[in-house]
Amino acid sequence: MTGAPASPPQAAPYPLLDEGNVVAYLEGRGLLDLVEGSGEPRAREVSDGNLNSVFLVRRGPDRPGLAVKQALPWVRVAGASWPLTPRRAEAEARAYEYLSALVPELVPAYHGYDPPMFTLVMEDLGGLEVLRAATVAGRRPGDVGARVGEFVGALAFATSDFGMDSQERKALVAASVNPELCLLTEDVLLTEPFIEHEHNHHVAAVDPLVRSLRADERVRTAVSALKHGFMTRAEALLHGDLHSGSVMVGGGRVAVIDPEFSFVGPVGFDLGLFWANALIAALRAEELHDEELAAEHAAQVRRSWEAFADAVRAAWPGRVDPSFGDGYRELWLRSVWSDGLGYAAVEAVRRAAGYSHAADIETLPPASRDRATARVLALSHTLLAERAAVPDAPALTGLLDATAR
C-alpha cells in the first residue's frame, strides 16, 4: 500500500495524536522523563507505513527519545474510505510483552500500551536504519539473518506446545486472534497475487510469466494449502509481517519492529517472509554487479534457518511435554522449512506482481528491474510447484542461480 494520506471525512471515535499534542500526552502518562536531555521536548511525525501514525519525541536531535505509535481507525494512506479496526494495536502490544521478556535485545525497549488511545510507547530507534533502506543503499547485511533466526526461534518455542503449558497456550491462542489483519494477509498475500485483481500490478515484460504462474494448477494447489495452513495451524505466536521493512539495523544492533499482524499461526510464515526479501536483496545486488554482496544477502536464508533450528534444539530439553521426542523435533523442523519455502514464494510474488512491491527491485534501472522481477517470478513458480525438491539452503541458492540462465 502506497500513496499520500487522505484527509478523513469524519471524526475518529477517540482523540488522535499529532505533533501539537503528543508531548502533553506523554507527560500525562508520566513518561516524559524517559526522554533524555534538558531541552524542551519536541515532537516530529515520522509516519511512513501504511496503517499508523508514528511520532518521535526528543529534547535534541542527537539525544535518545521516545517513539509513540497510534493505531488509526482506518488505513492511514487511504483515510476513512478504508476503515480498519484500531484494536490491531492490542496484538502489537501483546507481542512486545512476550518479546521483551524473551529477546529484549532484539526489540525496542517497550514502555507500555494505552488501550483507550490504541497507543504504544517504546524506545526511539532513530539511530538505526530500516533494513530495506539499508539494502537499497548498498549496505552489507552483516549478521541480520542470524539475529532474525534467533528471534523467530525464541518466540516460536516459548509460545508453542513445546514451551508452554497447554491451558496457558490455549488462552494465548484465544487472546491473540487478529481477524482483520489476518484477513488482510489472506487477501493481499495469499489470494490476490494469484488471480486477476485490481490491486495487482506488474511490469509488462513479465506478463507471460505472471499468466503462466496463475494458470499452473500445481501453483494454485500449493497456494491453497499455504492459505489454509495460515488460517488453521496455530503453532506459535508470530510476528506476522517479518519482511525487511520490519527490521532495523545499525551500530551492530538488530531490532525487529511492528508486530501488529501478530497472531498464533504457522512458524514457517515468519521465516518465509524474511527469506523472500533476503533473496530479492540478492537479486538487486546481482543486477548491480556486486556478486559478493549478492552472496551475502542470499546467505541470510541459511544463517536465519541455522539460528532458528539451533534455538529450538537448545530449548528442547526444557519442553513441557517430554513425550515429544527428538525424532519428532526434527520432523517438525522439516515441516517448518517446507512451510518457509512456500511462504517465501508467495511473498516474493506479492513483491513482484501483487499490491505492494519491493523498493529493492523498483528502484533499479528499468532493464534491471524487469530482469530481477522475472527472476523473482521464475523462482517463486518453481518453489510453489516443486518445493519438496528443495531440502536445504544451498539447494535454494542453486535455484536462485538457475533463474539467471
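So, start with Tyr 110: the residue it bridges to in β7 is Met 122. Keep in mind that this is a predicted model. That bridge belongs to the pairing of β6 with β7, residues 119-123, which is antiparallel and runs over three bridges.

Okay, zoom out to the sheet. There are five strands in it, the sheet is open, and if you walk across you go β1-β2-β3-β7-β6, with antiparallel pairing. On average, neighbouring strands here are turned by 20° against each other, if you ignore direction.

Next, what lies across this sheet? Have a look at helix α2, residues 88-102: this helix lies across β2 (52-58), β3 (66-71), β6 and β7. Relative to β6, α2 runs at about 150°.

Helix α9 is residues 268-287 and helix α13 is residues 366-386; their axes come within 10 Å and cross at roughly 145°. The crossing is right-handed.

Who's touching whom? From α9 you've got Leu 279, Ile 280, Leu 283, Glu 286 and Glu 287, and they meet Ser 368, Arg 371, Ala 372, Arg 375, Val 376 and Leu 379 of α13. Sort that contact by class and you get six nonpolar residues, four charged and one polar.

Conventions. Residues numbered from 1 in each chain as written. Predicted model: local features only at pLDDT ≥ 70, side-chain atom pairs only at ≥ 80, totals over all residues. Heavy atoms only, no water. Pairing = 2+ DSSP bridges. Helix = DSSP H or I, 4+ residues; strand = E, 2+ residues; numbered from the N terminus. Axes fitted to C-alpha atoms, helices over the stretch in contact; angles between N-to-C directions. Contact = heavy atoms within 4.5 Å. Left-handed = near helix turned anticlockwise from the far one by under 90°. Nonpolar A, V, L, I, M, F, W, Y, C, P; charged D, E, K, R; others polar.
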